[in-house]
Amino acid sequence: MARLKFYENERIMLDKLGFKPRNNRITEKKHILLVIKKLCKHFKFDLPDVRFYGNSDSGSAKVKSRVIRLDHNPSYQVVIHELAHIYNHDNDLDGEKCHTKKLMRTIKKFAKYIMKKQYWVKPEPEPVNP
Ligand SMILES: [Zn+2]
């Protein structure tokens, strides 16, 4: 699926889900890392290397080296999108392609989990070191 079309479908899917924090950007780095850590723990995959760069609401994932790049103030949507790339690669779901239906399913799963936990409402205390 073409990149832009995927993003559009992703937005529609998250809207239907009622994913309110879609446009909320996470300002605290420790909170960003906490959300990532919670997702990794719940969905049973290893923490990727997380790097921060820039301020546009965008990110990227290098699945083979397990590195995700986020801007300094990313939205939840970007965080779960990039993390979903890592999860799908770890679980060998996408093959050689990256923006697949399986990726969309993973993003949905992550979004539901975040909604259930409401991490954006009351962030939990800082976790112990990884
Ligand atoms: Zn992507």
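The protein chain has a secondary structure that comes to four helices and three strands, and, followed along the sequence, these elements take the order α-α-β-β-β-α-α. The model is predicted, and every value below should be read with that in mind. Of the 130 residues in the protein chain, 27% count as buried. Where contacts link residues at least 6 apart in sequence, 51% of them join residues at least 24 apart.

**Helix H3**

- Helix H3 covers residues 76-90, and because its 15 residues should span 21 Å at 1.5 Å a residue, the separation of 21 Å between its end C-alpha atoms agrees with that expectation.
- The helix is mostly covered, given that 14 of the 15 residues of H3 are buried.
- Aspartate 92 follows H3 and has a positive phi, near 55°.

- Tyrosine 113 belongs to helix H4, which is made up of residues 101-117.
- Once residues up to four places away in sequence are set aside, tyrosine 113 touches Leu39 and His42.
- Phenylalanine 43 stands 70 residues from tyrosine 113 along the chain, and the C-alpha atoms of these two residues are separated by 9.7 Å.

Technical notes:
Residues numbered from 1 in each chain as written. Predicted model: local features only at pLDDT ≥ 70, side-chain atom pairs only at ≥ 80, totals over all residues. Helix = DSSP H or I, 4+ residues; strand = E, 2+ residues; numbered from the N terminus. Buried ≥ 20, exposed ≤ 12 C-beta atoms within 10 Å, placed from the backbone. Contact = placed C-beta atoms within 7 Å. Expected span 1.5 Å × (residues − 1).
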